[in-house]
Amino acid sequence: MTAPTPDKDAVPDNVSGPDNASGPENAGDAVSQAAVVDRSDHLAGAENALLRADELYAGYVPGVNILNGADLYVKKGELIGIIGPNGAGKSTLLKTLFGLVPVRTGSVTLDGEDITNLKAHSLVARGVGYVPQTNNVFPSLTIEENLEMGAFQVPAKFKERFDFVCEIFPALRERRKQRAGSLSGGERQMVAMGRALMTEPSVLLLDEPSAGLSPKLQDLVFIQAQQINKAGVTVIMVEQNARRCLQICHRGYVLDQGRNAYMASGRDLINDPKVIQLYLGTLARA
Ligand SMILES: Nc1ncnc2c1ncn2[C@@H]1O[C@H](COP(=O)(O)OP(=O)(O)OP(=O)(O)O)[C@@H](O)[C@H]1O
Ligand SMILES: [Mg+2]
């Protein structure tokens with residue numbers, strides 16, 4: 001069952017697989033039934049993945065798991081989307097991948113190297129970038145200073161990376177001396193993504209980059225995420241705008257109650273009657 005762990009370091013005996021992880025409290029619930037997936041697709045697809053996570057259990061409070069056996073992989077060059085209801089654990093999954101929430105059981109590998117529970121700064125040095133859902137810029141610093149902060153581990157590369165970022169976000173060059181706190185939501189999001197790109201990440205984790213933006217700006221963010229991906233960065237994107245996300249991603253995941261409910265190409269998910277009924281009907285529309 002989805003057994004709460006007795007404390008954050010303890011490894012429960014009963015969390016070895018999806019069957020064990022679907023608890024009686026979930027039984028009979030259509031959403032949770034959908035969540036009981038065969039891991040074979042994951043195991044087949046995850047071979048040679050750039051980043052992969054296997055059967056992750058993680059949470060904030062001792063005894064309560066938010067991630068309940070989540071699997072994920074991304075191949076080099078892919079743009080993948082993660083959608084799911086509020087509170088499903090999408091942000092927690094990204095935070096866990098980025099070393100901000102400890103993995104209780106399960107593993108994370110990058111290019112075949114075990115990175116489970118490495119701290120965020122080590123992950124940045126290994127090529128993982130992360131843009132949090134909220135509070136993702138330093139408001140009192142200028143755009144340029146925010147980008148300098150992003151490049152603090154590679155100061156010699158500032159100019160080269162600044163030019164790269166400004167090719168994707170030309171507005172940032174024009175307004176480089178403006179304080180981030182005075183920018184619109186859409187502009188701040190550009191600064192946040194730009195800052196994460198300063199370290200030349202091989203994989204970028206984006207948490208709801210379109211949240212709170214006007215439909216027009218949301219559209220721009222999706223185009224920018226695609227541009228980032230086309231520039232050679234592998235992207236994992238959590239999104240509340242589920243339809244739009246599934247339209248642009250190569251592959252998508254539906255996360256529900258901390259575990260995979262569905263994993264398929266964006267096109268297949270967006271056309272899947274069960275996914276539409278259970279997830280797309282109630283989530284934000286494009
Ligand atoms: N810092 C925290 N301490 C304790 N519980 C937390 C913390 N952050 C999140 N949670 C809980 O973890 C669960 C999953 O939250 P999470 O933010 O990962 O969901 P989400 O899928 O990203 O939701 P949303 O779509 O609203 O962003 C929620 O029940 C939430 O209350
Ligand atoms: Mg979230």
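## Ligand surroundings

A residue is near a molecule if its C-beta atom, placed from the backbone, lies within 6 Å of it. In this predicted model, local features need pLDDT of at least 70 and side-chain atom pairs count only at pLDDT 80 or more, while totals for chains, interfaces and linings use all residues. Residues are numbered from 1 along each chain as its sequence is written, and chains are lettered from A and ligands numbered from 1 in the order in which they are written.

The shell of ligand 1 includes G87, A88, G89, K90, S91 and T92, along with Y60, V61, I66, G84, N86 and Q240. This shell holds 4 nonpolar, 7 polar and 1 charged residues. Here Ala, Val, Leu, Ile, Met, Phe, Trp, Tyr, Cys and Pro count as nonpolar, Asp, Glu, Lys and Arg as charged, and the others, Gly among them, as polar.

## Overall make-up

The protein has 13 helices and 10 strands, taken as DSSP runs (H or I, at least four residues, for helices; E, at least two, for strands) and numbered from the N terminus. Of its 286 residues, 44% are buried, with 20 or more other C-beta atoms within 10 Å of their own.

## An open sheet

An open antiparallel sheet is built from 4 strands in the order β2-β1-β4-β5; two strands pair if DSSP finds at least two bridges between them. Because β2 (67-74) and β5 (113-114) stand at the edges with a single partner strand each, one side of each has no neighbour in the sheet.

Strands β1 (residues 51-58) and β4 (residues 103-110) are joined in the antiparallel sense over 6 bridges. Y57 has T105 in β4 as its bridge partner.

Note on methods. Buried ≥ 20, exposed ≤ 12 C-beta atoms within 10 Å, placed from the backbone.
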